[in-house]
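Here are a few notes to read alongside the model. Take them one at a time, and keep the 3D view open as you go.

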Amino acid sequence: MLQTPSGGARDGAAAADSGLMSIGTVLNALRDEFPEVTISKIRFLESEGLIEPQRTPSGYRKFSPEDVERLAHVLRMQRDHYLPLKVIREHLDAMERGEAVALPVVGRQRDGETLPDPFEAPTAVRIGRAELLVAAEIGERELEEWESYGLIAALPDGAYDAETVTVAALVVELGRFGIEPRHLRVMKAAADREAGLVDQVVAPLKRHRNPQTRAHAEARTKELAGLTVKLHAALVQTALGVRLP
């Protein structure tokens, strides 16, 4: 007897026929140019109205080639021009209306020309509490619990660093394997110790009067952070006797 495919299978087949892509396929397509992009980042940009992927009857996101192109454009404007999401959204809306608009640039002025400032760090992207709940697809109760364990913390002004969305998404994923937030406190403690070690190395550079030296401190911090993350991953894989792809 001919079997009817499940809802997920039907959704996948229909998406393939229509040329639509899953969020995982989109992630793989973007990673060559944007190696730091994550599924949580894509979800966050969707929650901010920067992209509007279609949804299957089962609720799965499906992206058209135009969606992926728009997403890449958003990521470039963030990476190359440090533009806030509001400015990016207004720019894209103007383009969709057929208006000839120049790409906004954040920088210094000289002789009427805007110049990027290589020594001025971009403002960190922040999101509000409601935005975090939507982007991470969690409820107030979960967020309060995670905050009580120190896994997530608000900034002094009550907002959150955008990377918090990634933390929340990973906590959710681990929870599917029965790993509860209280079990993750040891990871948070280890991360704090690693961050403290990096900060100890770059602290003299951060305090320097020369703006070039301070800019170098930012670059050194990112480099050391990347190395510590790779070392941590390698140590965990070695301890478990596995190798991730």
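A term to start with: a crossing of two helices is left-handed if the near helix is turned anticlockwise from the far one by less than a right angle, and right-handed if clockwise. Please note that this is a predicted model, where local features need pLDDT of at least 70, side-chain atom pairs count only at pLDDT 80 or more, and totals for chains, interfaces and linings use all residues. Residues are numbered from 1 along each chain as its sequence is written, and side-chain values use heavy atoms, with hydrogens and water left out.

1. The overall picture. Of its 245 residues, 28% count as buried, where buried means under 20% relative accessible area with a 1.4 Å probe, protein chains only. The accessible surface is about 16300 Å², and 55% of that belongs to carbon and sulfur atoms.

2. Helices H9 and H10. How do they sit together? Helix H9 (residues 185-206) packs against helix H10 (residues 211-240) at an angle of about 160 degrees, and their axes are 9 Å apart. That makes H9 roughly antiparallel to H10, a label for angles over 145 degrees. Their crossing is right-handed. Residues in contact (heavy atoms within 4.5 Å) include Val198, Val201 and Leu205 of H9 and Ala217, Arg220 and Leu224 of H10. By class, this contact has six nonpolar, five polar and four charged residues. Here Ala, Val, Leu, Ile, Met, Phe, Trp, Tyr, Cys and Pro count as nonpolar, Asp, Glu, Lys and Arg as charged, and the others, Gly among them, as polar.

3. Helices H6 and H7. Now try another pair: helix H6 (residues 129-136) and helix H7 (residues 140-148) pack at an angle of about 105 degrees, with axes 10 Å apart. H6 and H7 are therefore roughly perpendicular to each other, the label for 65 to 115 degrees. Arg129, Leu132 and Leu133 of H6 meet Glu140, Leu143, Glu144 and Glu147 of H7. Their contact divides into three nonpolar, no polar and four charged residues.

4. A single residue. Is Thr166 buried or exposed? Thr166 lies in helix H8 (residues 163-175) and counts as buried, because its relative accessibility is 16%. Leaving aside neighbours within four places in sequence, Thr166 is in contact with Thr38 and Ser40.

Key:
Axes fitted to C-alpha atoms, helices over the stretch in contact; angles between N-to-C directions. Helix = DSSP H or I, 4+ residues; strand = E, 2+ residues; numbered from the N terminus. Parallel < 35°, antiparallel > 145°, perpendicular 65-115°, else oblique. Buried < 20%, exposed > 50% of the residue type's maximum accessible area, 1.4 Å probe, protein only. Areas by Shrake-Rupley, 256 points an atom, 1.4 Å probe, with all protein chains shown as cover.
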